[in-house]
Amino acid sequence: YTPIPRPKGYRVSWHANPAVEPHHFGQSHPMKPFRLTLTKQLVMAYGMHHAMDLYMTRAATYEEMADFHNTDYLDFLKTIIPSDMQSSDQSDSLARFNFGDDCPVFDGLYNYASLYAGGTIDAARKLCNNQSDIAINWSGGLHHAKKAEASGFCYVNDIVLGILQLLRHHPRVMYIDIDVHHGDGVEQAFWSTDRVLTVSFHKYDKDNFFPGTGALDSNGPAHPLNPGAHHALNVPLNDGIEDDDYIALFKEIIGSCVSTYQPGAIVLQCGADSLGCDRLGCFSLNVQAHGACVAYTKTFGIPLLVVGGGGYTPRNVSRAWAHETSILVDAANIIDPNIPDAVTFRNHFGPDYSLFPPLSDMRRIENKNSRAYLASLVRTIKEKLRYIQG
Ligand code: ZLM
Ligand code: CA
Ligand code: ZN
């Protein structure tokens, strides 16, 4: 391969710890940290690691995680072991902290959670110190975790911890979430401040799709004394949204939000379960469209923290995140769309061995988002932006 040159005029940092990758949520659980191994193999086979500053991240300390999480929750997380899942004297705590099939106790759980959180905190600090312009942690993005509760495969909310770091240096931080699920944990953490604007695009079906929150008219407690009122925006979508509609919607909404709010930093959660053919998702996006959202967010030239999130068809998750890494290092047009022969685990990418298989055609889902519906979303969100100041 040819090493990818460093991008001109800005620095990109990669934050990872290979010790995250071997963790296992249990048999047939959809969340597979192995997708991080696949992503890294693609990035290295394309020579993109030459274009970034590479940082081996450390585990977040207990005190760092306590910036957001309650200590009784962290104490539980730190001490719980898999055999406690059956123990009757732990069943109250397990229920209280929402452990179960979605959020099981597995070997090395505290190590796993503190490692991915450490990556996002380190990435945020590099941006604050001006040692990086774009900082990437594909192991982060676990947007459902609450102050004292695990939720939806998420145990520690690394995004909240990263935003808290950015708020030490920036008056306003914007959070963008393209995971197919609603970014409820991040939204709720910043419910009461006007210093964070959260925007989540997601499938919304109150009773039939997790977590059931994120309606268009859900914008934070509307109390007149709450400065955070109006600073949560939600873009609820139906099944089957396709590339061009999604990109147009993303650009219209995010463009308006950035020009109104004038954030000092942006955090972009790139959950890859919004791709077509995802095991849990229901959209029809191709890798290029998911990447177009990343490319558009980069055009603002604002310090950018990029994290992963969901994504349950590992070969496609790694395709998307490798493509998005190439966008961030300004190499998308020089990498070969045919996956290099030298990639470890190359068999996962057959039979096409392409970075861009036609995901939208491989599992047809009827597009339930009419043009009129999408236009009304844009109109309504722009009206809501009138309450927001930069
Ligand atoms: N049951 N095993 C997205 C988080 C989505 C809640 C329905 C659990 C699953 C799912 C777990 C092997 C992010 C719900 C689901 C079964 C109550 C969800 C374990 C299959 C399995 O086979 C499975 C025993 C499991 C979980 C499916 N869970 C699908 N969808 C959601 C959570 C996280 O992408 O946004 C960010 C990382 N949970 O729908 C139930 C209501 C628990
Ligand atoms: Ca989302
Ligand atoms: Zn998700």
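Me: Start with Thr 37. Where is Thr 37 found?

Reply: Thr 37 sits in helix 1, residues 34-45. Helices (H or I, at least four residues) and strands (E, at least two) are DSSP runs, numbered from the N terminus. The model is predicted: local features need pLDDT of at least 70, side-chain atom pairs count only at pLDDT 80 or more, and totals for chains, interfaces and linings use all residues. Residues are numbered from 1 along each chain as its sequence is written, chains are lettered from A and ligands numbered from 1 in the order in which they are written, and side-chain values use heavy atoms, with hydrogens and water left out.

Me: Why is Thr 37 called buried?

Reply: Its relative accessible area is 11%. Buried means under 20% relative accessible area, exposed over 50%, partly exposed in between (1.4 Å probe, protein chains only). So Thr 37 counts as buried.

Me: What is Thr 37 in contact with, leaving aside its neighbours within four places in sequence?

Reply: With those neighbours set aside, Thr 37 is in contact with Glu 21 and Phe 345. Contact means heavy atoms within 4.5 Å.

Me: Is Gly 212 buried or exposed?

Reply: Buried, because its relative accessibility is 15%. Gly 212 lies in the loop between strand 5 (196-203) and strand 6 (232-237). Apart from neighbours within four places in sequence, Gly 212 is in contact with Tyr 204, Asp 205 and Lys 206.

Me: Why is strand 4 described as largely enclosed?

Reply: Because 5 of the 5 residues of strand 4 (residues 173-177) are buried. On one side are Val 173, Tyr 175 and Asp 177. On the other are Met 174 and Ile 176.

Me: Why do residues fall on two sides like that?

Reply: In a regular strand, side chains alternate between the two faces of the sheet.

Me: What makes strand 4 and strand 5 a pair?

Reply: Two strands pair if DSSP finds at least two bridges between them. Strand 4 and strand 5 have 5 bridges and run in the parallel sense. Ile 176 stands opposite Val 199 in strand 5.

Me: How many bridges join strand 5 to strand 6?

Reply: There are 6, and these strands run parallel. Ser 200 has Asn 234 in strand 6 as its bridge partner. Strand 6 is largely enclosed by the rest of the structure, because 6 of the 6 residues are buried.

Me: How do you know that both faces of strand 8 are covered?

Reply: Strand 8 (residues 304-307) has buried residues on both sides: Leu 304 and Val 306 on one, Leu 305 and Val 307 on the other. Strand 3 (residues 134-137) runs parallel to strand 8, joined by 4 bridges. Strand 7 (residues 265-269) also pairs with strand 8 in the parallel sense, over 4 bridges. Leu 305 is the bridge partner of Ala 135, and Val 267 stands opposite Leu 305 too.

Me: Which residues are closest to ligand 1?

Reply: Asp 102, His 143, His 144, Asp 273 and Tyr 312, out of 21 residues that surround ligand 1. A residue is near a molecule or strand if one of its heavy atoms lies within 4 Å of it.

Me: What places a polar side-chain atom of Asp 102 in polar contact with ligand 1?

Reply: That atom lies 2.6 Å from a nitrogen atom of ligand 1. A polar contact is a pair of N or O atoms within 3.5 Å; within protein, one must be able to donate a hydrogen and the other to accept it, and residues adjacent in sequence count only if both atoms are side-chain atoms. His 144 has a polar side-chain atom 2.7 Å from an oxygen atom of ligand 1.
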